[in-house]
Amino acid sequence: MTDPAQAPVIEIRDLHKAYGELEVLKGVSITAKRGDVVSLIGSSGSGKSTLLRCCNLLEDSQQGEILFKGEPVRWHGSGHHRRPADPKQVLRIRTNLSMVFQQFNLWAHMTILQNVMEAPIHVLGRPRDEVEAAARRYLDKVGIGDKSDAWPAQLSGGQQQRAAIARGLCMEPEALLFDEPTSALDPELEQEVVKVIKDLAAEGRTMIIVTHDMKMAHDVSDHVVFLHKGLIEEEGAPAELFGAPKSERLQGFLRSTS
Ligand code: ADP
Ligand code: MG
């Protein structure tokens, strides 16, 4: 049995996922060890969001394994009938992999502070005082400590996304999963979110980042995965992948994004 402290935070082995007849992931394997930043790039529809959502079991998959800190997800049934067998395991994995979405998904009827405090209190059952102190610390960390009493609609997109990151951090997760965190933002606001992500990478956070921002992927990643139609077409260290792409598809993709 692997020591959980040594095992990768997330390991996906040969994952297959279909929506009905549509095969979206056709045997994909990725690993994020503690402190790794893994970026997923590829054209729209290549399966990036689906892969990310499979990591924290927001989506079912039909074949292949998902391991969290060396612990395999236990399944019930097989193929199109396969589901996670243990709701407690699902909850433990999901609460340890905080997801940050393109559209922020803040609750409009709660203040920024309430948004950040909600899940640690109501999902994890942590004490309110402790959670509030942590929430204020994380809001400061992402540079919006002065916005704690504001409503989401009163914040810019960049501030809302930073609030969503603080909300993810306040769960004290093992890893953060980002799905195009800067795609909904104007270029000048994009940079304030990129800076927060760079700071998190520098402090050794484990992250999987789906992004169209090749500069950020180049600058923050330990490993970059290029997905094409549900398969890994090429992967490697950012300097190799961006500096000397081997596959023609990746070369074409990089030309189309620059
Ligand atoms: P990406 O994030 O790389 O743009 P997605 O993972 O969102 O790609 O989608 C991969 C494919 O799966 C696309 O063809 C998309 O239309 C399809 N798809 C995504 N979500 C669903 C769904 N809930 N039901 C059916 N098809 C879906
Ligand atoms: Mg997507």
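Which residues of the largest nonpolar core touch the most other members? They are Cys-55, Val-116, Ala-166, Ala-175, Met-207 and Ile-208, in a core of 66 residues. The legends below take this core and other sites in turn. The model is predicted: local features need pLDDT of at least 70 and side-chain atom pairs count only at pLDDT 80 or more, while totals for chains, interfaces and linings use all residues. Residues are numbered from 1 along each chain as its sequence is written, and chains are lettered from A and ligands numbered from 1 in the order in which they are written.

**View 1. The largest nonpolar core and Cys-55.** A nonpolar core is a set of buried Ala, Val, Leu, Ile, Met, Phe, Trp, Tyr and Cys residues joined through C-beta atoms within 7 Å. A residue is buried if 20 or more other C-beta atoms lie within 10 Å of its own, exposed if 12 or fewer, and partly exposed in between; C-beta atoms are placed from the backbone. Helix H6 (residues 187–202) gives the most to this core, with six residues. Helices (H or I, at least four residues) and strands (E, at least two) are DSSP runs, numbered from the N terminus. Leaving out residues up to four places away in sequence, Cys-55 touches Ile-10, Ile-12, Ile-66, Leu-97, Leu-177 and Ile-208; contact means C-beta atoms, placed from the backbone, within 7 Å. In soluble globular proteins, nonpolar side chains tend to be buried together.

View 2. S10 pairs in the parallel sense with strand S3 (residues 37–41) over four bridges, and Leu-40 stands opposite Val-210. Strand S9 (residues 175–179) also pairs with S10 in the parallel sense, over five bridges; here Ala-175 has Thr-206 as its bridge partner. Two strands pair if DSSP finds at least two bridges between them.

**View 3. The shell around ligand 1.** Ligand 1 is surrounded by Tyr-19, Leu-22, Val-24, Gly-42, Ser-44, Gly-45, Ser-46, Gly-47, Lys-48, Ser-49 and Thr-50; a residue is near a molecule or strand if its C-beta atom, placed from the backbone, lies within 6 Å of it. Strand S2 (22–32) and helix H1 (48–55) each supply at least two residues of the shell, and H1 gives the most, with three. By type, the shell holds three nonpolar, seven polar and one charged residue. Ala, Val, Leu, Ile, Met, Phe, Trp, Tyr, Cys and Pro count as nonpolar, Asp, Glu, Lys and Arg as charged, and the others, Gly among them, as polar.

**View 4. An open sheet of four strands.** The order is S2-S1-S4-S5, with antiparallel pairing. S2 and strand S5 (71–72) stand at the edges with a single partner strand each, so one side of each is left without a neighbour in the sheet. S1 and strand S4 (residues 63–68) are joined by five bridges, and His-16 stands opposite Gln-63 in S4.

**View 5. Positive phi at Asp-14 and Lys-229.** Asp-14, in strand S1 (residues 10–19), has a positive phi of about 50° although it is not a glycine. Asp-14 is exposed, with 12 other C-beta atoms within 10 Å. Lys-229, also not a glycine, has a positive phi of about 45°. Lys-229 lies in the loop between strand S11 (223–228) and strand S12 (231–236) and is partly exposed, with 15 C-beta neighbours inside 10 Å.

Terms used
Contact = placed C-beta atoms within 7 Å.
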